[in-house]
Number of protein chains: 2
Amino acid sequence: MKTFFEPRSVAVVGVSESPTNLGRRIMNNMIQFDYSGIVYAVGPKGGVIHGRRIYHSVLDIPDQVDLAVILTPARTIPQIIDDCGRKGISHTIIESAGFREYGDDGVALENEILDIAGRWPIRLLGPNGIGTMNMENGLATPFAILSSGLAAGGISIISQSGGVGLSYMNLLASESLGLNKFASVGNKLDVDENDILEYLIEDEGTKIICMYLEGISDGRRLMEIAARSDKPILLHKSNIGEMGNRIAHSHTAALSSDDKVVDAALRQCGIIRFHDMHKLGNFLKILALPPMRGKNLAILSRSGGHAVIAADACEMAGFDLPQFPGEFLAAIEKHFRANVIKLMNPLDLGDLFDPDVYTRIMEETIKRDEIDGIVFLHTYNPQNEMDKSRKLLPVIEQLSDRYTKPIAVCISSEEGEISLLRKDYAY
Amino acid sequence: MKTFFEPRSVAVVGVSESPTNLGRRIMNNMIQFDYSGIVYAVGPKGGVIHGRRIYHSVLDIPDQVDLAVILTPARTIPQIIDDCGRKGISHTIIESAGFREYGDDGVALENEILDIAGRWPIRLLGPNGIGTMNMENGLATPFAILSSGLAAGGISIISQSGGVGLSYMNLLASESLGLNKFASVGNKLDVDENDILEYLIEDEGTKIICMYLEGISDGRRLMEIAARSDKPILLHKSNIGEMGNRIAHSHTAALSSDDKVVDAALRQCGIIRFHDMHKLGNFLKILALPPMRGKNLAILSRSGGHAVIAADACEMAGFDLPQFPGEFLAAIEKHFRANVIKLMNPLDLGDLFDPDVYTRIMEETIKRDEIDGIVFLHTYNPQNEMDKSRKLLPVIEQLSDRYTKPIAVCISSEEGEISLLRKDYAY
C-alpha cells in the first residue's frame, strides 16, 4: 500500500489543455500541496500544462514512474492499465466512473481490467473514487478542488465516497483538525478498506483513523485488523435501510448488511461508530485529549443551566460525578465571595469570572486522584471578556498535558468568536 | 403579562456610577436595542449615567412607571418592592440571586417578597433570572452583554436559566434566525413558564416558541396551554437524572420529575422535545419552512454518498421515498449526458453542476402530487462554484413558496462559505 501514499513519481493520465479538464485539477492539487516527488502529465491529445509537456502515453515518459492516477473514459482504461504494466508502473489509481455501479457492462469492464492488472501485476485503487492524499509529502490526487484550510496532522481518512470524503476534509479544515493521509476506495475492485486500514495502523504519521463505508468488504478481516490496532478507529457505516441501499448500490455497488450485526461486531472489535458529521467532529476532538483512566468526571461551569445539561449528559453517557471532599471545598471556597457558588460537583462557578481563580480551581480539581477528567463550560461575550477568556485556553492545555487527564472545553459565545477560537486555539 | 414585554416606561433599580455595576449594563442594553419607551435609572447612591439622573428611589421618579427591573442585593428587595407598590408600579422583574436556591433563609426572603407584592398587588418575574426582551419595541432588560448579531424575527424564548437563554440567543444570531420575545423565569416565585407561554401563544409577533426548563411548575396546565396552541412549541427539559438534579436544585431550585412521564406527556400535547443546541438549530430552521402534507420525500443530491446517508436518515425518521414514474424520469433524463445519473429516488445528480438544470429538475419534482417535500444536498468548493451555487438559493426559496412545500437544503462546503450563507441567505 505504501506506494499509493509515498510514490517517488506520479503520472496523471487524462490531462488536456481544456480549461474544464478534470485531470488539470489533479495537477493543480499536486502543485498546490507541494508534492515532493516528480509528477508527469499524460493525455492522448498531448500539449502543455504549467510549462511542462503532456505526454501522449505513459510509455513516452523518459523516467521510472511509481504510481499512475487515471481519469479517462471507462472504456479506455484496460489499454491504459496494460500500458502502465509495460512501463513498469506497479500501482494505479482509477478515478473514472462508469463501471459496476452502472450495471452488467460495467462489471465486464471491471473484470477485464482486473485480468490485465493481474498479469503484470499491478495494484488498483478505485475505480469511481478520488484517489489518495498524504499531507507529509504533498501527494494530492483528488480531481476535486480541496478545502483551502486543510492542515497537516494525525487524522487519516478512508472513504468509499469521494463526496463524503471531501465533506470530512471540510470538517477537519473548519475545526483545525489536521489530516495525515486520505484514501477513497470507490468500487474496491482490487484494494479495499482493509488493505488501507492495515497500512494505516502501522503508519507512523497516522494517530486516528476515520472511515466512511457503504459496504464492508470482509467483516471478519476488518474485525481482526481493528482488534490489533492501538489507534482509535471511527466508522460511519451508512446504507442501513432499504432506501439507502437502493442508491448505495448504484453509487458504489455496495450491498447492505444486517445493521444490528454490524453494530455488535463493531463494538466487539473496538471500532467507534458514528452516524453524522457533528458527532465525528466531537469524537475527533475528544480523541485528541489524553484518555480517561476511570469514569469520574468533574464539571466546572460558569452557568448553572449549562452545568445541569452537562450533568444530565454525563449521567446518560455512564460517567460518575464524585462528590468533592470537605478540605477541597474549603480550599476553593476561599477564592470566592461567600454564597456566590454552590460547593458541589457539578461546580457552578457563578457569574463572576476571574481567569486566575478559574485556573487555580481547575488545577486543584485535575490533580485529585479521584478525578479522571474535567468538563469545563464557559460562556462569555467577546465584547468585554475576550482577552481573559482566550488567555485561559493555553493554560487549560498545559494542565491537561501536565496531569495527562482530559479537560474538555465547551464554550458558548458569539459565532465570530467561536470561529476564531477554532482556528487559533486548536491543539 | 403584557406589561413585562410592552411597558411604556421602565425603572432600572440598582444602577450606580461604578464601571463594574451590572445595572449599567441593563441601561446600555435598553439604549443599544433602542427601546421606544422611557427608561429611568434608580440607585441608592444617586449620580449620573448617560447624561441622565440616577434617582435614589423609585419614589423620586416624577412620572408614571409601568415596570421596575431590580438588580440589588437580595436583602434589599422587600423594601424596594414595597416602594414600587407605593409608586403604583404593577410589574417588577427581580434579577438578583440569593434566594431559595441558597437554602432556608432564601425561602423566607422569597415569602416575605411574595407577601408584600400580594398586598399591592404587584406581579413578579424572577428572582434569579435575566428578565425580558422584546425585539419589537427594543425592551432589553438582561444584565448580560447581548449577542451583537441578534435580529428581529418570529422566535420567542422562555428560559429558566439566564446562561442557557443567552446561548439560545447566540444560536439565533449565528444562524440568522430572528428573535421576537424573551423571558427568563428564574426561580418562578410568582410568574412561571405557563403564564408567559399563555401570553406568547396569543401574541401576534410570536410564530415559534422555544423553552428551556429545569423543572415544570404545573404539568397539567402546560399540557392544556400547549394543546390549544397552533404555534410550534419546542422544549429542552433538562434535570433528567440524579446528578443533574443535584445542581439544578441549587441553580433554580428545580425538582426533577420522572423523565418517561415527561416524555409521554409532551408527546401527547404536541410539544417537540430536544436535548441539545444542535437539534434546536435544525428544528427552528425546519419549522421556518412550509409543513409537509404527507410523508413522501424526494432526495436530490450532487454526491452519491450524501444521498445514501440522507436516505438512511429519512428511513429512520419514518419518511417514504416514493419511486418516480417513468415519464418524469424520461423528462429529466434529457437534461443529462447519458449514463451520468441514476434515475431513481434518491436522485444522484452526478458531479456536473448546472444551476439551471438543477432548478428545472427541482421544479419538476416539487410540483408532483406524490412529493410532499425535497431534501437537496449540495457540495461545492467556493473557489470555482460559489456564484452559481449561491444563485440557486433564492430560486429554491421561491419554488418552496410557490408550491408551499418544504425544500430542505444541506450544503457541504468550506467553513467561511457556510458562515456567509448563514448570514446572507437566511429566510
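In chain A, a network of salt bridges links A:Arg123, A:Asp190, A:Asp192, A:Asp195, A:Glu198, A:Arg221 and A:Arg228. A salt bridge here is a side-chain nitrogen of Lys or Arg within 4 Å of a carboxyl oxygen of Asp or Glu. The model is predicted: local features need pLDDT of at least 70, side-chain atom pairs count only at pLDDT 80 or more, and totals for chains, interfaces and linings use all residues. Residues are numbered from 1 along each chain as its sequence is written, chains are lettered from A and ligands numbered from 1 in the order in which they are written, and side-chain values use heavy atoms, leaving out hydrogens and water.

Over all chains, a search of the whole structure finds 47 salt bridges. One of them joins the side chains of A:Arg8 and A:Asp66, at 3.0 Å from N to O. This pair links distant parts of the chain, 58 residues apart: A:Arg8 is in the loop between helix 1 (2–5) and strand 1 (9–13) of chain A, and A:Asp66 is in the loop between strand 4 (52–55) and strand 5 (67–70) of chain A. Helices (H or I, at least four residues) and strands (E, at least two) are DSSP runs, numbered from the N terminus. A:Arg8 is exposed, with a relative accessible area of 61%, whereas A:Asp66 is buried, at 8%. Buried means under 20% relative accessible area, exposed over 50%, and partly exposed in between (1.4 Å probe, protein chains only).

A:Arg368 and A:Glu370 also form a salt bridge, their closest N and O atoms being 2.7 Å apart. A:Arg368 counts as buried at 18% relative accessibility, while A:Glu370 is partly exposed at 25%.

In chain B, the side chains of B:Glu363 and B:Arg402 meet in a salt bridge of 3.0 Å, N to O. B:Glu363 lies in helix 13 (residues 355–366) and B:Arg402 in helix 14 (residues 382–403) of chain B, so the pair ties together parts that are 39 residues apart in sequence. B:Glu363 counts as partly exposed, at 23% relative accessibility.

Helix 5 of chain B has 13 residues (162–174), which should span 18 Å at 1.5 Å a residue; its end C-alpha atoms are 18 Å apart, which agrees. The expected span is 1.5 Å times one less than the number of residues. Helix 5 of chain B is mostly covered, with 12 of its 13 residues buried, including B:Val164, B:Tyr168 and B:Leu172. Just after the helix, B:Ser176 takes a positive phi of about 55°.
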